[in-house]
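Here is my note on the model you sent. Please read it with the structure open and check each point by eye.

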Amino acid sequence: MIKLFFTIATRYLLKNKLYSFINIFGLAIGVASFILIMLYVDYERSYDKFEGSQHVYRVYMDYLEGNSFVPGDAQTYNLSGPTLKREFPGVLDYVRFYYIEKATFVLGDRIFEQPMGSMADASYFNVFGYPLLKGNHKTALSEPNTIVLSQTLAKKLFGDQNPMQKTVTVVLDGDEVVLTVTGLMKDIPKNVHFRNNYLISYATENTWDFFDEAQTKLNFNMNNYYTYLKIDENANIASLKDKIINSDFDEDEEERHNIEPIEDIHLYSDKPYEVSVNGSATRIKFLSAIAFIILILSWLNYINLSTTKSLERAKETGIRKVVGAHRWQLVLQSIMESTLLNTIAIMVGIIASFMLLPIYNSLTENKLEINLSSFTSLFPIFGFIFLGMFLAGLYPAFLLGDYKATKALKGEVRTSSKGVLIRKGLIVTQFLATIILIIGTMVVTKQIHFLQNQPIGAELNQIVALKGEIVTNKSDSLLSNDYKLLADELKDLPFVENITFAQTYPGDSFDNLGSSRGITLPNGVQNLSTVYYVYDVQPEYFELLDIPFVVGNTFLPNDSGDSNQIAVNETFVKEMGFNSPEELIGRKLKFWGNNEWVVTGVFKDYHHFGLKDKVLPLLVKHQRDVNNLLVKLDPTATSTAGFTTAIDQIQNKWNQIFTKSTFNYAFLDKKFEAHYKEDKTFGKAFQVFTVLAILIASLGLFGLSSYTCVQRRKEIGIRKVNGASITQILKLLNIDFIKWVGLAFIVAVPIAWYVMNKWLEGFAYKTAMSWWIFAFAGISALAVAILTVSWQSFQAAITNPVDALKDQ
Amino acid sequence: MLLELKNIFKWVNSGGQRVFLLKDINLKVDEGDFISIMGPSGSGKSTLLNVMGMLDGFNEGEYNFLEQSVHTLKEKKRATLYKEYIGFVFQSYHLLDELTVQENLEMPLLYKKFKGSERKAMVADMLDRFNIVGKKDLFPAQLSGGQQQLVGVARALIANPKLILADEPTGNLNSNQSEEIMQLFQQLNKEGVTIIQVTHSEKNAQYGKRIIQLLDGRMV
Ligand SMILES: Nc1ncnc2c1ncn2[C@@H]1O[C@H](COP(=O)(O)OP(=O)(O)O)[C@@H](O)[C@H]1O
Ligand SMILES: [Mg+2]
């Protein structure tokens with residue numbers, strides 16, 4: 001019998017091609033979207049999982065802001081780790097990292113820059129469960145001047161040779177060190193927030209000129225180290241955290257140590273000086289919600305369509321009943337059909353998600369892949385999908401069994417008013433979700449547009465930052481002379497408009513930027529609590545970047561090119577408690593010991609940290625020898641030849657002066673945009689899935705409207721015979737749908753408003769949720785509804801009533 | 001003259017062949033006529049009625065209604081003509097189940113630009129005339145077949161049509177109820193309403209002033 005049912009089901013699906021297609025299509029979209037989103041969500045949640053990772057915590061600093069502590073710095077002191085281990089038995093071990101963003105590797109004639117590596121304590125392999133392929137995990141990092149390489153880096157350096165005991169020179173800011181390879185580790189997976197390509201033993205600090213005494217001496221002054229703790233699995237984390245928070249080893253009331261699980265860092269941490277750009281739990285929550293909404297929408301859709309269809313099949317059901325089919329047999333057959341259809345849909349959905357993955361990846365700039373492990377991790381998801389589909393198949397099945405045979409035969413079936421209510425509820429829910437998604441997409445898009453068009457407070461276009469590592473025996477001052485020579489040569493290039501030296505620039509965020517606390521103001525007040533940020537530039541910096549001064553002006557160096565001058569931003573003036581910027585001009589600031597700087601100007605606030613974060617107090621110091629170049633290109637001169645040739649010519653000059661060196665450049669505007677790249681991606685994903693949700697919802701509506709038209713066939717006929725025009729019939733049929741969309745709209749607006757408000761809270765600068773967003777969402781949902789419904793209504797309205805009203 | 005059918009042919013194409021539903025129908029109906037159409041099942045009675053009621057078209061011939069040639073009229077004009085002059089009564093009543101008696105009566109008026117107050121008056125008048133005031137708030141399912149058909153006739157009459165087309169109006173009724181409807185028709189006819197009815201019953205046919213016999217779509 002099962003086999004017979006199966007045959008019937010197959011035939012039925014083949015016969016009703018449009019119905020089958022719409023159904024399979026809708027479900028497959030739901031399944032594919034769900035899988036794609038869940039792949040991403042799973043990936044984002046898979047960060048920093050390794051053997052024992054649940055017992056590893058990162059130490060970070062909280063800073064006092066007003067009356068409460070806020071996360072202030074992801075980096076800690078070199079004393080933090082040792083002290084915590086000594087004081088708390090629950091802390092089994094610690095490992096400190098001094099992060100090296102970019103170092104230059106020299107091997108014979110070869111010289112190249114290698115991003116992302118660290119100085120690390122020998123305890124690294126005890127705390128982190130990443131396996132060592134070669135070398136002893138206890139001793140690999142215990143001696144000075146040793147290095148552990150990742151497989152990729154080892155291959156890059158030594159090819160297929162055994163890297164062990166080989167030596168390589170590493171250069172940082174001109175300071176060289178020769179290192180012996182004592183270990184080979186697997187490449188750190190992508191889903192790790194701290195991805196080291198190499199580890200240099202911590203003890204190397206003492207032999208490498210790059211580190212000075214002030215840095216290497218154990219202290220609670222310079223927080224440049226990431227510290228991770230391995231905690232006893234029996235320790236009470238809450239009380240340990242409490243004890244750490246309330247301890248005060250560094251005798252500084254304004255800050256405190258704190259800990260967080262390493263597994264939470266990627267999604268929940270967004271502190272200053274993060275080692276890498278992290279993900280966002282909010283985004284993950286939003287995307288998960290969208291995934292579930294789409295999947296549920298596609299199920300609702302299926303229920304809608306199949307009940308519609310079962311109505312059309314009422315006569316068939318009636319005949320079956322008359323010839324003696326049991327109710328359960330009808331139900332079973334219906335479930336067979338839905339299982340068949342859903343299985344096909346899931347297959348299509350899975351295949352589609354595989355095929356769409358590259359497109360999805362390029363659209364959202366992800367690098368997701370489906371491999372065996374991601375596939376098995378998706379098993380619960382598949383289970384969930386199957387269960388949902390089975391349940392979705394039940395409702396129409398039981399509905400079918402319910403029809404009275406005699407009535408069904410006469411074509412007089414109508415579902416109970418409860419059934420109608422359920423279907424209306426389904427449609428309202430679908431539209432509710434759709435409207436919320438439309439509003440959400442629009443708010444996200446508007447916010448990104450807002451960010452992109454927000455004045456940065458500086459002109460970043462056509463400015464290139466040049467940086468490189470120079471391998472040379474020259475002294476610092478001689479090297480600076482070379483830089484100045486280069487600057488002069490570059491100025492002579494026809495397309496170079498202006499040039500300056502600066503340690504960092506707007507949008508570079510916390511990179512290359514010093515943070516500090518403790519300053520003596522001109523009025524004698526000592527401020528110990530406000531965190532401020534400092535970097536060095538040369539006088540032309542402000543002009544080159546178009547950063548205007550509110551009062552005062554840029555630096556005026558003396559004849560030898562030196563000065564002790566400084567400029568501050570408006571936020572600094574405000575946060576330090578001055579009423580007007582004038583109060584600072586020509587007066588002295590004292591910080592970093594007894595060093596004094598004279599304020600020559602207060603410049604307008606600009607967004608150094610991107611637009612997601614608020615403006616922080618900035619001090620911009622004059623410095624004679626800064627070696628990072630900012631070059632402003634002439635847009636007209638470069639537009640013809642293109643930027644690449646311009647960069648090529650610049651690199652030529654660079655290589656002429658620095659014969660043994662690496663060369664790096666970055667366009668400032670691109671770098672600034674990178675701050676909200678993730679949000680842009682999110683916005684795109686949001687858009688795509690909203691369109692899919694709309695598509696699914698309109699399929700559902702299409703189903704329901706065809707159902708309504710079938711059910712109201714007789715009524716339409718009667719009304720037409722009694723003189724109703726086509727327009728009047730259309731109005732009659734459409735008004736209900738419009739009411740439902742209206743109802744959905746009323747419910748959707750406050751929900752969407754609340755949810756999107758929450759999302760916007762993640763931005764320091766946010767766009768307004770204008771009324772027209774809501775209006776547009778409502779109107780477009782209505783338009784989609786009317787268009788979908790009208791096609792069917794129109795068919796119904798133009799049918800000759802004679803056909804509908806034939807007497808038996 | 002109310003309407004005139006001249007050499008009306010109607011056919012459908014089935015399997016590449018013409019199947020004739022109506023063949024060479026010629027019929028003149030004067031105002032005040034009462035015609036009964038008879039014939040075996042499938043002989044084309046309903047088809048003919050629908051053609052006269054403008055619910056259905058035809059393939060050949062001429063149809064004039066009140067001096068206007070229906071076959072050349074635009075859809076809109078035809079709809080106006082239909083709305084103003086024709087009322088339909090069906091074998092299975094075709095009342096709207098979701099509407100009360102009163103609302104069913106009011107329904108055609110909604111499509112004919114009557115004011116609210118006028119509609120109320122007209123509905124009240126009909127309820128009165130058919131003695132169903134007491135049933136005005138009931139739903140069709142709560143009425144007997146005879147009562148339902150009474151409402152059906154009342155609804156056909158409510159906008160004062162000149163012509164009532166009734167397709168086996170008593171087909172679902174018992175003899176008492178049939179009798180009642182037939183007498184109602186006779187009464188209406190006396191008041192000047194033209195009536196064309198399809199019937200299987202010899203007795204009911206006798207209420208008509210003329211009887212037309214159909215066989216295989218042809219008048220005999
Ligand atoms: N639209 C149509 N297409 C094909 N055949 C039709 C159509 N309408 C009616 N018929 C056929 O025409 C014949 C006459 O139908 P009808 O007028 O309903 O007969 P009656 O009312 O006399 O029983 C029947 O055989 C019917 O099947
Ligand atoms: Mg008939």
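1. Start with the contacts in chain A. Of those with a separation of 6 or more, 82% join residues 24 or more positions apart. Keep in mind that this is a predicted model.

2. Next, the overall build of chain A. Its secondary structure comes to 26 helices and 22 strands. The C-alpha trace spans about 110 × 60 × 55 Å along its principal axes. Chain A has 808 residues, and 41% of them count as buried.

3. Which residues touch the most other members of the largest nonpolar core? They are Ile294(A), Ile435(A), Ile439(A) and Ala693(A), in a core of 79 residues. Several helices of chain A each supply at least two residues of this core, including H2 (17-45), H9 (281-312), H15 (417-453) and H22 (677-711). Take Ile294(A) as an example. Not counting residues up to four places away in sequence, its contacts include Gly30(A), Phe34(A), Phe689(A) and Ala693(A). In soluble globular proteins, nonpolar side chains tend to be buried together.

4. Now look at one sheet in chain A. It is open and has four strands, in the order S13-S21-S12-S22, with antiparallel pairing.

5. S13(A) and S21 (residues 629-633) of chain A run antiparallel and are joined by five bridges. In one of these pairings, Ile499(A) has Val631(A) in S21(A) as its bridge partner. Helix H16 (residues 476-492) of chain A packs on the sheet and touches S13 and S21 of chain A. The direction of H16 makes about 165 degrees with that of S13(A).

6. How many residues does each chain bring to the contact between chains A and B? Chain B gives 15 and chain A gives 14. On the chain B side, helix H2 (75-85) and helix H3 (101-110) each supply at least two residues. That side has eight nonpolar, four polar and three charged residues.

7. Finally, ligand 1. The residues around it include Val12(B), Leu21(B), Gly39(B), Lys45(B) and Thr47(B). Helix H1 (residues 45-52) of chain B gives the largest share of this shell, three residues. By class, the shell has two nonpolar, seven polar and one charged residues.

How values were computed
Residues are numbered from 1 along each chain as its sequence is written. Chains are lettered from A and ligands numbered from 1 in the order in which they are written. This is a predicted model: local features need pLDDT of at least 70, side-chain atom pairs count only at pLDDT 80 or more; totals for chains, interfaces and linings use all residues. Two residues are in contact if their C-beta atoms, placed from the backbone, lie within 7 Å. Ala, Val, Leu, Ile, Met, Phe, Trp, Tyr, Cys and Pro count as nonpolar, Asp, Glu, Lys and Arg as charged, and the others, Gly among them, as polar. A residue is near a molecule or strand if its C-beta atom, placed from the backbone, lies within 6 Å of it. A nonpolar core is a set of buried Ala, Val, Leu, Ile, Met, Phe, Trp, Tyr and Cys residues joined through C-beta atoms within 7 Å. A residue is buried if 20 or more other C-beta atoms lie within 10 Å of its own, exposed if 12 or fewer, and partly exposed in between; C-beta atoms are placed from the backbone. Two strands pair if DSSP finds at least two bridges between them. Axes are lines fitted to C-alpha atoms, for helices over the stretch in contact, and angles run from 0 to 180 degrees between N-to-C directions.
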